[in-house]
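The sequence and the model are shown first, and the description follows.

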Amino acid sequence: MTNIRPVAALLLGGMLAATPALGPALAQSKGQIERLQSLETQVAALGGPVEVAQLSPSVAADFEIRLQNLERTIQDLTGKYEESTYQLSQLRERLEKVNADVDFRLKDLEKGGGTAGGAMGGAMSDAAPTKPSKAAASDDKKADKPAQTAAANPPSTAGLSPEKQYEQAFELLRNSDYDRAEKALQEFIVKNKSHAYAGNAQYWLGESYYVRNKFPEAAQAFAEVLSKYRTNPKAADSLLKLGMTLQQMNKKSDACTAFGQLLTKFPEASASVKRRADTERKRINCPA
C-alpha cells in the first residue's frame with residue numbers, strides 16, 4: 001500500500017496539471033459544434049440548402065451586351081411607331097381633303113342644275129367635269145383636219161329654248177368635251193345674259209378653263225360670276241374656286257383673301273363649301 005499511493009498521487013498530479021491546457025480547446029470545439037447545429041437547424045427550416053449565386057465576369061459581360069441590344073431594339077421600334085403615326089396623320093389629312101371635295105361635288109349633284117327656281121330639276125346633274133383621258137387626246141390627234149374643225153364647233157342651238165341650250169352645253173362639259181363646251185357656254189351667255197342660268201353657265205365656263213389649267217381665264221370667269229351674278233347660287237362656289245385658281249397662279253395672298261371673304265360675304269354658303277375653304281386656307285398656311 002505504501003508503494004501504490006505515491007504512483008496514484010503522481011498520476012493525479014499530472015492530470016491536474018494538464019487540465020488547464022485542454023480547457024480552451026474543448027470549449028472552442030463545443031462552440032463550433034453548437035454553431036454547426038444551429039445552421040443545420042436553420043437550413044432545415046428553410047426546406048433545403050441555400051446557395052448564393054455569383055456571376056462570373058464573362059456572364060456579367062454577356063448580360064450587359066444583351067441588355068444594350070434590347071435597348072436598341074426598343075429604340076428602333078419606337079422610331080418606327082412614331083414614323084407610322086406621322087404617316088397615318090398625313091393619310092388622315094388627305095382623306096379629310098378628299099371627303100371635303102366629295103361633299104362639294106355631291107352638293108352639286110343634289111342640286112340637279114343648281115339654278116334659281118330649279119326649272120331643270122333632275123334633268124341633268126350639276127357635277128364638276130373631269131380631265132380628258134390620254135386615250136381621248138390620242139384619238140383627237142389621229143383625226144384629220146376637217147374633222148377637227150367640225151368637232152371644235154358646238155352643236156347648233158337654232159330653235160332651242162334657253163333651257164335646252166344650257167342643257168346641251170352642259171352635256172358637252174359632262175362628257176369632257178371641254179373645247180366645244182367652252183364655245184357652247186360662251187354662246188349661251190351672250191344670248192341669255194339675263195336668264196336664270198346665266199350665272200351657272202359663267203361658273204361652268206370657269207370650270208372648263210380650270211380643268212385644262214387655263215388659270216388666268218378661269219380666274220376671270222369666276223370673278224365675273226361675283227361681279228355680274230352676285231345673288232346666283234353659284235356665287236359662293238365661284239369665290240371658292242377663284243381662291244383655288246389664284247393659288248394655282250402662285251398668288252397666295254390673293255387666294256387667302258378670297259377664302260377669308262367667303263365666310264363674310266356668303267354666310268349662307270353650304271357647309272361643304274365652307275369646309276373646303278377652311279381646308280384650303282390651312283393647306284397653304286393662310287394667316288388666321
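## Surface and burial

The chain exposes about 18800 Å², of which carbon and sulfur atoms supply 58%. Accessible areas come from the Shrake-Rupley method with a 1.4 Å probe, and for residues only the protein chains shown count as cover. Of the 288 residues of the chain, 30% count as buried, a term that stands for under 20% relative accessible area, while exposed stands for over 50% and partly exposed for values in between (1.4 Å probe, protein chains only).

## Basis of the model

This is a predicted model, in which local features need pLDDT of at least 70, side-chain atom pairs count only at pLDDT 80 or more, and totals for chains, interfaces and linings use all residues. Residues are numbered from 1 along each chain as its sequence is written, and side-chain values use heavy atoms, with hydrogens and water left out.

The predictor's confidence in each residue is given as pLDDT, from 0 to 100. Its mean over the chain is 73, and 60% of the residues reach 70 or more. Helix H8 (residues 215–228) has the highest confidence, at a mean of 96, and helix H3 (residues 134–142) the lowest, at 47. Over residues 109–150, pLDDT stays under 50, and the model has 62 contacts beyond four places in sequence for them.

## Secondary structure and contacts

The chain contains eleven helices and zero strands. Helices (H or I, at least four residues) and strands (E, at least two) are DSSP runs, numbered from the N terminus.

A contact means heavy atoms within 4.5 Å. Among contacts in the chain with a separation of 6 or more, 59% are between residues 24 or more positions apart.

## A nonpolar surface patch

Phe63, Leu67, Leu70 and Ile74 form a nonpolar patch on the surface, with about 390 Å² of accessible area together. Patches are made of residues with over 30% relative accessible area and no salt bridge; like charges are joined within 9 Å, and nonpolar side chains (Val, Leu, Ile, Met, Phe, Trp, Tyr) within 5 Å. A salt bridge is a side-chain nitrogen of Lys or Arg within 4 Å of a carboxyl oxygen of Asp or Glu. Leu70 belongs to helix H2 (residues 57–111).

## The disulfide

The whole structure holds one disulfide, defined as a pair of cysteine sulfur atoms within 2.5 Å. Cys256 is joined to Cys286, with an S to S distance of 2.0 Å. Because Cys256 lies in helix H10 (residues 252–265) and Cys286 in the segment after helix H11 (271–283), the pair ties together parts that are 30 residues apart in sequence.

The link of Cys256 and Cys286 is left-handed, with -85° about the S-S bond. Cys256 is buried at 12% relative accessibility, and Cys286 is buried with a relative accessible area of 14%.
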